[in-house]
Amino acid sequence: MSERERTRSSLSEAAETPVRRQRILVVEDEPDIVRGLRDALEFEGYEVVDHAEGHKAVREMKERGADVVILDLMLPDINGYQVCEEIRAFNQLVPIIILSARGQELDKIRGLSAGADDYVTKPFSIGELLARIQAILRRLGRSAASHTEVIRIGNCEVNLKKHTLSRARKTIPLTFYEVELLKLLHERAEQPVSRDEILDKIWGIQAHPSNRTVDNFVVKLRKKLEENQHHPKHILTVYGYGYKLVP
Ligand code: CA
C-alpha cells in the first residue's frame with residue numbers, strides 16, 4: 001500500500017468510527033469568560049456545555065455527565081464549593097478544576113478539600129488552562145489503559161480502576177488525583193519523591209504558584225489511609241523535599 005493509500009484508508013476509517021468528543025462542563029456566570037473558554041475549547045475539538053447556575057450544573061452532571069468540570073467559585077445561586085461537594089457525592093472520578101481569584105490561598109485550600117483536583121487563578125491564560133485539561137485527560141487515558149488493578153499499602157487495598165480504598169471491610173472512594181498520587185508514590189516506594197516532581201508528573205505543570213496543592217492531597221490521603229493521620233506510617237514527609245511511601 002502506498003503512503004497516500006494508507007493515509008486515505010486511515011482517514012476513511014476515522015470517518016467511519018467517529019470518536020466521541022470529550023465533554024467539558026464550564027460552570028461560570030461571567031459571559032466574557034464563558035465565551036472565551038468556549039471558543040478556545042471548541043477550537044481544540046472539545047464539546048462544551050456551560051451553566052451559569054450551580055444547581056443546573058449539578059443536574060447536568062447527574063443527567064449527562066462530563067469528562068472535566070471547570071468551576072467558578074462565585075455563582076449566582078450556590079457557591080462553587082457546594083457545587084463541588086454535590087458532584088462529589090455521586091461522582092468521585094470526574095476531574096474538577098476551580099477558577100479562583102488571585103491570591104485567595106484559602107479559597108484554593110477550601111476548594112481542594114471540597115473535592116476539587118486543581119485550580120487556576122483568575123485572570124488566567126487560556127493556554128495554561130488548556131494545558132491543565134490536556135494533562136488531566138492524558139493521565140485519565142493512561143490510567144484506563146494500565147494493567148495493574150490493585151496495590152497494597154499496609155492493611156489497605158487500593159483499587160486503581162474502581163478508585164476505591166478498602167480497609168477493615170470499609171470501602172472509601174478516592175478522587176482521580178488521589179489515585180494518581182498514590183500510584184506515583186507507590187511506583188517509587190521507599191524513595192523520596194519531590195513536590196516539584198509530583199506537580200510536574202501529576203498536574204502536568206512546572207511553574208505552579210504554590211506547592212500546597214500536593215500537601216493538601218497528602219492530608220486527604222492520610223485521613224483515608226493511615227490508622228492515625230497525625231502519626232503516619234505509610235506516607236512520610238521528607239522535610240524540605242517531598243514525600244515517601246512505605247507500603
Ligand atoms: Ca462568577
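Student: What makes the pair Lys 122 and Glu 30 a salt bridge?
Tutor: Their side chains meet at 3.1 Å, N to O. A salt bridge needs a side-chain nitrogen of Lys or Arg within 4 Å of a carboxyl oxygen of Asp or Glu, so the pair qualifies. This is a predicted model, where local features need pLDDT of at least 70, side-chain atom pairs count only at pLDDT 80 or more, and totals for chains, interfaces and linings use all residues. Residues are numbered from 1 along each chain as its sequence is written, and side-chain values use heavy atoms, with hydrogens and water left out.

Student: Which parts does the pair tie together?
Tutor: Lys 122 lies in strand β5, and Glu 30 in the loop between β1 (23-27) and α2 (31-43), so the bridge ties together parts 92 residues apart in sequence. Helices (H or I, at least four residues) and strands (E, at least two) are DSSP runs, numbered from the N terminus.

Student: Why is Lys 122 called buried?
Tutor: Lys 122 has 15% relative accessibility. Buried means under 20% relative accessible area, exposed over 50%, partly exposed in between (1.4 Å probe, protein chains only). So Lys 122 counts as buried, whereas Glu 30, at 37%, counts as partly exposed.

Student: How do you know that Glu 53 and Lys 56 form a salt bridge?
Tutor: Their closest N and O atoms are 3.9 Å apart. That is within the limit, so the pair counts. Glu 53 is partly exposed at 32%, and Lys 56 is partly exposed at 38%.

Student: How many salt bridges does the whole structure hold?
Tutor: A search finds 19. Among them, Arg 152 and Glu 157 meet at 2.7 Å, N to O. Arg 23, Glu 47, Glu 60 and Arg 64 are linked in a network of salt bridges.

Student: What makes Asp 29, Asp 72 and Met 74 donors of the calcium ion?
Tutor: Asp 29 (OD), Asp 72 (OD) and Met 74 (O) coordinate the ion at 2.1 to 2.3 Å. Donors are N, O and S atoms within 2.8 Å of the metal (3.2 Å for Na, K and Ca), so these atoms qualify. Water is not among the atoms, so sites may look incomplete.

Student: Are Asp 72 and Met 74 buried or exposed?
Tutor: Asp 72 has a relative accessible area of 3%, so Asp 72 is buried. Met 74 reaches 66%, so Met 74 counts as exposed.

Student: Why do we say that β3 and β4 pair?
Tutor: DSSP must find at least two bridges between two strands. β3 and β4 have 4 bridges, so they pair, in the parallel sense. Leu 71 has Ile 98 in β4 as its bridge partner.
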